[in-house]
Amino acid sequence: MKNFEPDYNKQIFDRISGGDEKAFSECYEEYRRLLYPFLFKLTKSASATEDLIQDTMLKVWLSRDKFSEIGNPRAWIFRIASNTAHNWLKNSLIRQNSTTPLHYKEDQEDHSSEVFLELKAIREIVQEAIAELPPQRKKVYLLNREQGLTVSEIAQKLNISPSTAKNTLLAAVKYIREKVERSGYGLANIFLIFFQLN
Amino acid sequence: MTENQRILELLKQYLESDPNPEVQKELLNLINRKDSEENIKSAIQQLIESGNLEEIPQPIDLQSRIDAILQVDITPEQPKLRTFNWSWVRYAAAIILFIAAAAYWFSWNASITKSDNNYNQNKLANTTEVEPGTEGAVLTLADGTQIVLDSLEDGVITTISGAELKLTDGQLQYQTSSSTSLESESTSTGVLYHTLTTPRGRQFSLTLPDGTMVWLNAASSIRFPLVFPENERKVEVSGEVYFEVVKKMRGGKTKSDSEPVPFFVNTRNQQIEVLGTHFNVNAYEDDEDERTTLLEGSVKVSPQPHIHTDDISATRPVILKPGQQTVISGQNGLTKPVFVSTDEVMAWKNGLFQFDRTNIHQIMKQVARWYNVDVVYKNNLSQMDFSGTVARSENISEVLKMLELTGAIRFRLEGRTVVVFK
């Protein structure tokens, strides 16, 4: 098991903010381990648990421009998970106390199907945001995300300083995140519950 | 007790296996009050932080969940088409496969030279072998009793309320000795439901009380009553299920009074209404899209009431003609019917994996269900599509080898985990 001490967290967050997918996968697995026990007790469904974890980590990924401002990444991620869990609980309680056909009520396992990630919709908004980026930001962003170049590789390629490369990259990520948030996918509440009271 | 303490107390009780209605009511009241929101969130965070590290289940398809996130902010590449096929000599007998594969001649012909070259370098690390799935299922009776149907001999399994549950040639059948006593029984006690479930690596078929035949692919289930009420037939399914529904008339005083009794299939996102037809439903919980494909007759597909989309027309019911398919997702609603290759849709029931520009994740989901394996992706391969056909009776290594022959992808088998990499 990895040591999730502040130093390790800082290091891995620094890599994620540079767009390191492997670091993100590692982080995902660690936080899955930390969040699973509570979320499973809450939802009593393995797939709903995985959905809530995915939703939490999506928010983490899309907010990677803010990592440098976050003093305690672990508490921050737990906070996002709490928001996600709160939402789920609220919707679940409302549903359980509404009148639904008997045979639907019995199916506790089916919660997950109503928990729905709007990944596709977010992706479209991101595409729009990328198209709107100023040329240099767009270039840096695409080198990072599409061609998988690290910050220092980008710096070398474009003949700019690594800190300029990183700042440009984070400015692009910030622009995209804010656009997603403005579009109504408040990142603390990305998943929608496809359940409506009659 | 402060409100904070009370909230913490209630949440702890809610986390118990069976929260009582009082707790739920009180929590609901609190959660609906805006001024409690912060306290509830804090209490949840406290519970997350104080959680003990417990053994948790191995993730299924973790990498594809991660990939889904990573692709949110990346421009999709042009999808690449890959093809694979099998060694002709070994499968010479499989004429049906030959015909199916002939259609792909042009597409794989171009890549076969490259494939042959790569084959020797790319040998599958054959540490273990995984055999294909078999016939089998678990029957859960209305009272919760579970019967494993994998290794039972033909014959009567059990008798419930006068109905005999029988296995004939590995197929589950109902035989009602006296329908009148059954019907009165069912009205006095409410309709009793049974559930037939296939785990991963199992498929099964059964005949429902009305004579309708049902085939379940791996990792699927059907919930059905011991006896159908007189004027409606209703079942619920998940996973992939093929139906051959028999027409049933409701008795009227005269012949002209009698009307057909509709048959309803409910999934999480759609309701399918038929009178008597052959159709296939694919509604796996781990897939966003559910697909209904009609082979014979006519069906009406309606979104479940919870489906709401921006495009109003996507929430209206559609009628399918034979050979047509409609796709529904919680997000996009119901698509207009399109004609599809029914061979490809029905391949599973005919003992085949058959793919036509099918995404690697979809292919590996089918493999995971049939071979009961977990799949781990080492690289982001989400843009890869493959075409081809392989018999489901083969061991897993054959299927993986076919895919490797394209030279585009490699696999490592570690126990029951398939590692996919470039």
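User: How are helices and strands defined here, and how are they numbered?

Analyst: Helices (H or I, at least four residues) and strands (E, at least two) are DSSP runs, numbered from the N terminus. By that rule, chain A comes to 10 helices and two strands. Along the sequence its pattern is α-α-α-α-α-α-β-α-α-α-α-β. Chain B has 10 helices and 28 strands.

User: What kind of model is this, and how are residues numbered?

Analyst: This is a predicted model: local features need pLDDT of at least 70, side-chain atom pairs count only at pLDDT 80 or more, and totals for chains, interfaces and linings use all residues. Residues are numbered from 1 along each chain as its sequence is written, while chains are lettered from A and ligands numbered from 1 in the order in which they are written.

User: How many residues of chain A touch chain B?

Analyst: Two residues are in contact if their C-beta atoms, placed from the backbone, lie within 7 Å. Here 51 residues of chain A are in contact with 35 residues of chain B. Helices H2 (21–43), H3 (46–62), H4 (73–96), H6 (111–114) and H7 (119–132) of chain A each supply at least two residues of that side.

User: What does "buried" require, and what share of each chain counts?

Analyst: A buried residue has 20 or more other C-beta atoms within 10 Å of its own; with 12 or fewer it is exposed, and in between partly exposed. C-beta atoms are again placed from the backbone. In chain A, 43% of the 198 residues count as buried. In chain B, buried residues make up 36% of 422.

User: Which residues have the most contacts inside the largest nonpolar core?

Analyst: A nonpolar core is a set of buried Ala, Val, Leu, Ile, Met, Phe, Trp, Tyr and Cys residues joined through C-beta atoms within 7 Å. The largest has 75 residues, and B:Val241 and B:Val367 have the most contacts inside it. Helix H9 (residues 360–371) of chain B gives the most to this core, with seven residues. A second, separate core of 60 residues includes A:Leu42, A:Leu93, A:Tyr141 and B:Ile40.

User: Why do the buried residues of H4(B) line one face of the helix?

Analyst: An α-helix has 3.6 residues a turn, so residues three or four places apart point the same way. In helix H4 (residues 62–70) of chain B, the buried residues are B:Leu62, B:Gln63, B:Arg65, B:Ile66 and B:Ile69. Seen down the axis of H4(B), they fall within an arc of 160°, so they line one face. That arc is taken from the directions from the helix axis to the C-beta atoms. The buried residues of H4(B) pack against H2 and H3 of chain A together with strand S25 (374–377) of chain B.
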